[in-house]
Amino acid sequence: MKTLVVSKQCFQPEHSNFRLKKALIISLSLISCSLVASPVFASKLTYKPINPTFGGNPLNTSHLFARAEAINDYEDPDKTKNGTSSVSSLLSSLQSRLLSELISSGEPGSLETDDYTLTITDNDGFLTITVIDKSTGESTTIEVTGL
């Protein structure tokens, strides 16, 4: 008759796999307890604005404008590629000079451009300047006294 010998080591709780599982459970329990029970360190949250519009440092203005210009990719569709031409600059300067001479003389007269008509009249010491926008027909009247 044969006898079967079974080792007691397989059925004992001290087996190596069982020890490993037990150690793992204990260590995880300790770690989770230490995390839950640990004190929390925090400070008061304070908001300090950066934008000078909302009370921030006014010295940030130029920096904020520079950043805004750097990320602005909007292109004005009405703007010409190289700015104003020399002819349009000359016409604008000439128009400004004529208008200045007409107003400073204080004498009746008129100036007509592509965009508007300017009429100056003298009504018994009242200088009346009438500006008529040709595109909309809108009229603006300015009266100056004491001349």
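Biologist: In which sense do strand β3 and β4 pair, and over how many bridges?

Modeller: Keep in mind that this is a predicted model. Strand β3 covers residues 126–133. One of the links to look for joins I132 to its bridge partner S139 in β4. The pairing of β3 with β4 is antiparallel, and the number of bridges is six.

Biologist: Which element gives the largest share of the largest nonpolar core?

Modeller: Start with the members: L102, L111, Y116, L118, I120, L127 and I129, seven residues in all. Two elements, β2 (116–123) and β3, each give two or more residues to this core. The largest share is three residues, and it comes from β2.

Biologist: Which residues is L118 in contact with, leaving aside its neighbours within four places in sequence?

Modeller: L118 is one of the core residues. Once those sequence neighbours are set aside, its contacts are L99, L102, G109, S110, L111, I129, T130 and V131.

Biologist: Is T113 buried or exposed?

Modeller: You can find T113 in the loop between β1 and β2. Its side chain reaches the backbone nitrogen of D115 at 3.4 Å. Beyond four places in sequence, T113 is in contact with Q95 and K134. The relative accessibility of T113 is 12%, and the cut-off is under 20%, so T113 counts as buried.

Biologist: Which side chains meet in a salt bridge?

Modeller: Side chains of opposite charge can pair when their charged atoms come close. The count here is one salt bridge. Its N to O distance is 2.9 Å, and the side chains are those of E112 and K134.

Biologist: How many residues apart in sequence are the parts that this pair ties together?

Modeller: Place each partner in turn. E112 lies in strand β1, while K134 lies in the loop between β3 and β4. The pair therefore ties together parts whose separation in sequence is 22 residues.

How values were computed
Residues are numbered from 1 along each chain as its sequence is written. This is a predicted model: local features need pLDDT of at least 70, side-chain atom pairs count only at pLDDT 80 or more; totals for chains, interfaces and linings use all residues. Side-chain values use heavy atoms; hydrogens and water are left out. Two strands pair if DSSP finds at least two bridges between them. Helices (H or I, at least four residues) and strands (E, at least two) are DSSP runs, numbered from the N terminus. A nonpolar core is a set of buried Ala, Val, Leu, Ile, Met, Phe, Trp, Tyr and Cys residues joined through side-chain atoms within 4.5 Å. Buried means under 20% relative accessible area, exposed over 50%, partly exposed in between (1.4 Å probe, protein chains only). Contact means heavy atoms within 4.5 Å. A polar contact is a pair of N or O atoms within 3.5 Å; within protein, one must be able to donate a hydrogen and the other to accept it, and residues adjacent in sequence count only if both atoms are side-chain atoms. A salt bridge is a side-chain nitrogen of Lys or Arg within 4 Å of a carboxyl oxygen of Asp or Glu.
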